[in-house]
Amino acid sequence: MEILEIIIRVTLVLHLLGFATILSGVISQTKNFKTGAPVTAGILHGSWLALITGLILTGLVYANGEEVNNLTLSLKGLGITGIFFIAYTFAKKESAPKWVVPVIGALTIANLCFAVIMGVA
């Protein structure tokens, strides 16, 4: 196995951990959905991790000479960018509007569905 392939796989693991962190932060706040759940540090840091590793993965996969589905990458990029900016905007507030954390959860699930159903490579 090549070094580049190992780096891609490690980066993919970190990318998936970022999404798991976002989703666990959303699930931990479900009891507060009706009153406006706060954006936890896990949601914010998970979105940072998923965004950065997603950008790195895109470059690494292209550098490895693999064919990729540009539509999937575009949709995933839009989704994680939306997640990050919503999380960053409301992270400092004690209570966010009611829509914030559920929308972050929905975008996270949509992002995962794009990757699995449409395929990246």
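E5 and R9 stand four residues apart in helix 1, so about one helical turn separates them. Helices here are DSSP runs of H or I with at least four residues, numbered from the N terminus. The side chains of these two residues, E5 and R9, form a salt bridge with an N to O distance of 3.2 Å. The term salt bridge denotes a side-chain nitrogen of Lys or Arg within 4 Å of a carboxyl oxygen of Asp or Glu. A search of the whole structure finds one salt bridge.

R9 counts as partly exposed because its relative accessibility is 46%. Buried means under 20% relative accessible area, exposed over 50%, and partly exposed in between, with a 1.4 Å probe and protein chains only.

## Basis of the description

The model is predicted, and local features need pLDDT of at least 70, side-chain atom pairs count only at pLDDT 80 or more, and totals for chains, interfaces and linings use all residues. Residues are numbered from 1 along each chain as its sequence is written, and side-chain values use heavy atoms, with hydrogens and water left out.

Helix 1 packs against helix 2 at an angle of about 155°, with the axes 8 Å apart. Axes are lines fitted to C-alpha atoms, for helices over the stretch in contact, and angles run from 0 to 180 degrees between N-to-C directions. Helix 1 and helix 2 are therefore roughly antiparallel to each other. In this classification, angles under 35 degrees are roughly parallel, over 145 roughly antiparallel, 65 to 115 roughly perpendicular, and the rest oblique. The crossing of helix 1 and helix 2 is left-handed, a term for a near helix turned anticlockwise from the far one by less than a right angle, whereas clockwise is right-handed.

Helix 4 (residues 100-118) packs with helix 1 at an angle of about 145°, and their axes are 9 Å apart. The contact involves F19, I22, L23 and V26 of helix 1, with residues of helix 4 including V101, I104 and T108. Contact means heavy atoms within 4.5 Å. Helix 1 passes helix 4 in a left-handed crossing.

## Helix 1 against helix 3

The axes of helix 1 (residues 3-28) and helix 3 come within 13 Å and cross at roughly 45°. These two helices, helix 1 and helix 3, are therefore oblique to each other. Here H15, F19 and I22 in helix 1 meet K76, I80 and I83 in helix 3.

I22 is located in helix 1 and counts as buried because its relative accessibility is 0%. Beyond the residues up to four places away in sequence, I22 touches several others, among them G42, A50, I83 and I104. I22 and A41 are 19 residues apart in sequence, and their C-alpha atoms are 9.3 Å apart in space.

## Two further buried residues

K76 belongs to helix 3 (residues 70-90). K76 is buried yet has no salt bridge, and the nearest side chain of opposite charge, E66, is 14 Å away. For charge, Lys and Arg count as positive and Asp and Glu as negative, while His and the chain ends are not counted. Leaving aside residues up to four places away in sequence, K76 touches H15, F19, N111, F114, A115 and V120.

V61 is found in helix 2 (residues 41-63) and is buried, with a relative accessible area of 14%. V61 touches I8, E66 and V68, not counting residues up to four places away in sequence.
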